[in-house]
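Work through the exercises below with the sequence and the coordinates at hand. Each task is followed by its solution in steps.

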Amino acid sequence: MEIVRKPIIIDYLRRSEYNPEFLDIETLIEKYTPLFKSMCRYFCSYAGILDKQEDIEDLYNQIQLEFVRLVRRYDPRRGV
């Protein structure tokens with residue numbers, strides 16, 4: 001059985017200047033919330049270092065804060 005791959009389409013319609021929702025922070029936070037929770041669970045599993053609920057909430061908030069900083073600093077014109 002041969003694997004048929006779809007062609008990679010690089011289209012100007014997929015650029016962020018034509019799709020402002022690509023860089024909308026609220027939409028991105030909602031989209032990546034499962035990733036934030038997964039990262040928080042991963043770091044909380046380190047031998048009970050973060051055992052208090054407030055420490056766990058601080059870690060989750062810090063993950064979100066760093067994500068927002070990265071999104072705000074991202075310049076799509078700069079390239080990858």
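A residue is called buried under 20% relative accessible area, exposed over 50% and partly exposed in between, with a 1.4 Å probe and protein chains only. The model is predicted: local features need pLDDT of at least 70, side-chain atom pairs count only at pLDDT 80 or more, and totals for chains, interfaces and linings use all residues. Residues are numbered from 1 along each chain as its sequence is written, and side-chain values use heavy atoms, with hydrogens and water left out.

**Exercise 1. Is Phe 36 buried or exposed?**

Step 1. The relative accessibility of Phe 36 is 2%, so Phe 36 counts as buried.

Step 2. For the whole protein chain of 80 residues, the buried share is 20%.

**Exercise 2. How many helices and strands does the protein chain have, and where does helix 1 bend?**

Step 1. Helices (H or I, at least four residues) and strands (E, at least two) are DSSP runs, numbered from the N terminus. The protein chain has two helices and zero strands.

Step 2. Take the bend at a residue as the angle between axes fitted to the seven residues ending there and the seven starting there. Helix 1 bends by about 55° at Tyr 32, with Pro 34 following within four residues.

**Exercise 3. How many aromatic pairs are there, and which residues do ring pairs link into a cluster?**

Step 1. Rings of Phe, Tyr and Trp (its six-membered ring) pair if their centres lie within 6.5 Å; planes under 30 degrees apart count as stacked, over 60 as edge-to-face and the rest as tilted. The count by this rule is four aromatic pairs.

Step 2. One of them is Tyr 32 with Phe 67, a tilted pair at 5.7 Å centre to centre and 50° between the planes. Tyr 32 belongs to helix 1 (residues 25-44) and Phe 67 to helix 2 (residues 53-73), so this pair ties together parts 35 residues apart in sequence. Tyr 32 is partly exposed at 31% relative accessible area, whereas Phe 67 is buried at 17%.

Step 3. Phe 36 and Tyr 60 form an edge-to-face pair, 6.5 Å centre to centre with 75° between the planes. Phe 36 is in helix 1 and Tyr 60 in helix 2, so the parts tied together here are 24 residues apart in sequence.

Step 4. The cluster linked by ring pairs consists of Tyr 32, Phe 36, Tyr 60 and Phe 67.

**Exercise 4. Which residues make up the largest nonpolar core?**

Step 1. A nonpolar core is a set of buried Ala, Val, Leu, Ile, Met, Phe, Trp, Tyr and Cys residues joined through side-chain atoms within 4.5 Å.

Step 2. The largest such core has 12 residues, among them Ile 25, Leu 28, Phe 36, Cys 40, Leu 59, Ile 63 and Val 71. Helix 1 and helix 2 each supply at least two residues of this core.

Step 3. With contact meaning heavy atoms within 4.5 Å, and neighbours within four places in sequence left aside, Cys 40 touches Ile 56, Leu 59, Tyr 60 and Ile 63.
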